[in-house]
Amino acid sequence: MTLNSIGLDTGKTKVLADELNQLLANFQLYYQNLRGIHWNIRGRAFFDLHVKFEELYTDANAKVDEIAERILTLGETPLHTFEDYSKAAKVPVGKNISKDDKAVQLIVDSLSELLKIERGILETSDEANDEGTNSMMSDFITEQEKTVWMMKAWLGETV
């Protein structure tokens, strides 16, 4: 077993970095969706949602950076082209969404997909004894679960 400079098995960190790159691609698409609905939202909920969507895309942008830097910390290269993101992303694409309920549903659907990926990474990082990635995923999951709950409450639904 070969260890990298932070004491983790390089074979396991390669697998982990690949999973993190998948998350990175999905977060980039999620970020773009948030920008689109922020710009295009219409209706009586405009003022509240416009601000909320900006808050979410600002947070997503910061997470994109955290994910890419974690990949680099593990000794790998983060994806960085739209072509790579498009190939790897599973988050639904939100095009020309201006209606409030459709925009919020897009967020719920996107976060649900991100949570699946993050839970998988959490398992892989646990197996690799990678506390840094494990901690990052735990923080992401906790925050996103709460956002899903709030968005579902706004839609008048339960989790």
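## A buried tyrosine pair

Y31 and Y57 are both buried. They belong to a predicted model. Searching the whole structure turns up five aromatic pairs. In the pair of Y31 and Y57, the ring centres are 6.0 Å apart and the planes meet at 85°, so the pair is edge-to-face. The cut-off explains the label: planes over 60 degrees apart count as edge-to-face.

Where do the two tyrosines sit? Y31 is in helix α1 and Y57 is in helix α2, so the pair ties together parts that are 26 residues apart in sequence. Another aromatic group is a cluster formed by F27, Y30 and F140.

## The overall fold

The protein has five helices and zero strands. Along the sequence, the pattern reads α-α-α-α-α. The C-alpha trace spans about 60 × 30 × 20 Å along its principal axes.

How does the radius of gyration fit with that of a compact globule? For 159 residues, a compact globule would have a radius of gyration near 15 Å; the protein has 17 Å, which agrees. Contacts can be sorted by separation along the sequence. Among contacts in the protein with a separation of 6 or more, 75% join residues 24 or more positions apart.

Now the surface. The accessible surface comes to about 8700 Å². Carbon and sulfur atoms account for 50% of that surface. Of the 159 residues, 45% are buried.

## The nonpolar core

In soluble globular proteins, nonpolar side chains tend to be buried together. Here, the largest nonpolar core has 46 residues. Which members touch the most other members? They are L20, L23, F27, Y30, F53 and I107.

The most comes from α1, which gives twelve residues.

Leaving out residues up to four places away in sequence, F27 touches A60, K63, V64, I67, L114, E118, F140 and Q144.

Helix α2 has 28 residues. From its first C-alpha to its last, α2 reaches 40 Å, close to the 40 Å expected at 1.5 Å a residue. Just after α2 comes G75, with a positive phi of about 95°.

Which residues of α2 are buried? They are L49, F53, L56, Y57, A60, K63, V64, I67, A68, R70 and I71. What do they pack against? The buried residues of α2 pack against α1, α4 and α5. An α-helix has 3.6 residues a turn, so residues three or four places apart point the same way.

Take L56, a residue of helix α2. It has 8% relative accessibility, so L56 counts as buried; the cut-off for buried is under 20%. Neighbours within four places in sequence aside, L56 is in contact with Y30, L34, I107, T147 and M151. L56 and L34 are 22 residues apart in sequence, yet their C-alpha atoms are 7.1 Å apart in space.

Helix α4 can be checked by its length. At 1.5 Å a residue, its 28 residues should span 40 Å; the end C-alpha atoms are 41 Å apart, which agrees.

E113 lies in helix α4. Is E113 buried or exposed? Its relative accessible area is 16%, so E113 is buried. With neighbours within four places in sequence set aside, E113 is in contact with K90 and V91.

## Two loop residues with positive phi

Most residues other than glycine have a negative phi. N96 is not a glycine, but its phi is positive, at about 55°. Where is N96? It is in the loop between α3 (82-88) and α4. With a relative accessible area of 66%, N96 is exposed.

N129 follows α4. This residue is in the loop between α4 and α5. N129 is not a glycine either, and it has a positive phi of about 60°. Its relative accessible area is 65%, so N129 is exposed.

Notes:
Residues numbered from 1 in each chain as written. Predicted model: local features only at pLDDT ≥ 70, side-chain atom pairs only at ≥ 80, totals over all residues. Heavy atoms only, no water. Core = buried A, V, L, I, M, F, W, Y, C linked by side-chain atoms within 4.5 Å. Buried < 20%, exposed > 50% of the residue type's maximum accessible area, 1.4 Å probe, protein only. Helix = DSSP H or I, 4+ residues; strand = E, 2+ residues; numbered from the N terminus. Contact = heavy atoms within 4.5 Å. Expected span 1.5 Å × (residues − 1). Rg over C-alpha atoms; globule rule 2.2 N^0.38 Å. Areas by Shrake-Rupley, 256 points an atom, 1.4 Å probe, with all protein chains shown as cover. Phe/Tyr/Trp six-rings, centres within 6.5 Å; stacked < 30°, edge-to-face > 60°.
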